[in-house]
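Let's take a friendly walk through this protein model. Have a look at the picture first, and then we will go through a few of its features together.

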Amino acid sequence: MGDEVSGFWRLMLYGKGPREAEAPARDLRIDVIRGLILLIIFVNHIPGNVVSFVTPRNYGFSDAADVFVLLAGISAAFAYGRQIDQRGLLVGSLKVCARIWTLYVAHLALFVLVCGVVATAIARTQNSLYMEWINVLPFFSDTVEAVINALQLSYQPDYLNILPLYIVLLAAFPLAYLAVRTSPLAALLASLALWQAASAFDLNLPSKPGGSGWYFNPFAWQAIFVIGIVMGRFATLGVRQPRILAIDVAAAGLLLFSAAVKLSTGNPFGVAFLSDWIEGLQMGVDKTNLATIRLLHLLALAWIVIRLIPAESRLLRGPVGTRLAATGRHSLEVFCVGIVLSIIGQIVMAEMSFALWAQLLFVAGGLILLIGLGLFLSWYKSLTARPVGVARERAATA
């Protein structure tokens, strides 16, 4: 036990750990959970539908966005961190830049599609309020200025602010990964210090119009991303989650506490001096600057999920897990389609006066479509993928 503890702290301080595996197996938990999160994001982006009332954000202080960013950090460590380790910083950074360009183009295409959907809805319904509802009024009032700001990522209509955050975080990945590889503990402390400074000194990237800053403050949300990088780095080194009963109890207790607070309309514990604090939690915690309770809840949730669902769990390879994994593997495509569907859903719900049957029908149809998209893309990729044996034979012949 003593050797394990000393080895862990040696890894945390100096980044020195066990020798990395030649080809670490793909962790299905990442794909399955990411697929589930994408479906939850679609549901939550249609305000007022009854299905959204049973999504996890109603039972805890963090939500799907927090998990999405954490998984982004883990996945980046697997995908690009290994490139940096094996082929150097330059090659790894070029891979990151290629992905950033893909995300940037996808974001701009999504921006145009959303504006087109809103314009179509206004033309059909003669209801110009949809421009204000989804915050695309600047695009229609001053198109040139809006396009320039959109190209600079400073103008982000509602529901189009996750990809810009991911772009900025991914741009910082090579430097963050080098810091984590050198000393995970130092990288975490620096990240947490920047997070706190962002809240204390109002550090944020500019947004236009309005100038209130990005909805997801990158200087704050980088803390989740860096934690994800550390988790991904440890996974490539073969580090397993330690079994510490005290942390298990604390994590489970925090999850139960958050559920009790979120499901209550008053103070569920009857402790008078906690009333103001609990009331503030029930009204909502700071999402822009990543309130401390959000981060703690996310870490507790991640700890319990990793503990309860091991990488070799049969649940991951069952019918549900297989479909969610296919959805999660094609996260960018599914996310973009889900955003467009959610905007259409908001308009449809409003025009149908939020009829229950319309809510259930549209949400169910959207979920089926997104899962079907993931399955189709996986099937199509299997058709176009070059067999390993054929590739080797052609290489040998050449």
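## Buried or exposed?

A residue is called buried when its relative accessible area is under 20%, exposed when it is over 50%, and partly exposed in between (1.4 Å probe, protein chains only). The model you see is predicted, so local features need pLDDT of at least 70 and side-chain atom pairs count only at pLDDT 80 or more, while totals for chains, interfaces and linings use all residues. Residues are numbered from 1 along each chain as its sequence is written, and side-chain values use heavy atoms, leaving out hydrogens and water.

A salt bridge here is a side-chain nitrogen of Lys or Arg within 4 Å of a carboxyl oxygen of Asp or Glu. By this rule, the count is nine salt bridges.

One of them joins arginine 34 to aspartate 31, with 3.3 Å between the closest N and O atoms. Both arginine 34 and aspartate 31 are buried. They are three residues apart in helix 2 (residues 28-44), and therefore about one helical turn separates them. Helices are DSSP runs (H or I, at least four residues), numbered from the N terminus.

## A network around arginine 294

Which residues are linked in a network of salt bridges? They are Asp63, Asp66, Lys287 and Arg294. Arginine 294 bonds to aspartate 63 in a salt bridge whose closest N and O atoms are 3.2 Å apart. This pair links distant parts of the chain, 231 residues apart: arginine 294 is in helix 14, and aspartate 63 is in the loop between helix 2 and helix 3 (64-87).

Arginine 294 also meets aspartate 66 in a salt bridge, at 2.5 Å from N to O. Because arginine 294 lies in helix 14 and aspartate 66 in helix 3, the pair ties together parts that are 228 residues apart in sequence. How accessible are these residues? Arginine 294 is buried at 4% relative accessible area, aspartate 63 is buried at 14%, and aspartate 66 is buried at 0%.

## Two residues of helix 17

Leucine 356 is in helix 17 (residues 356-384), and its 48% relative accessibility makes it partly exposed.

Glycine 366 is also placed in helix 17, but it counts as buried, at 5% relative accessibility. The C-alpha atoms of glycine 366 and leucine 170 are 29 Å apart, and the two residues are 196 residues apart along the chain.
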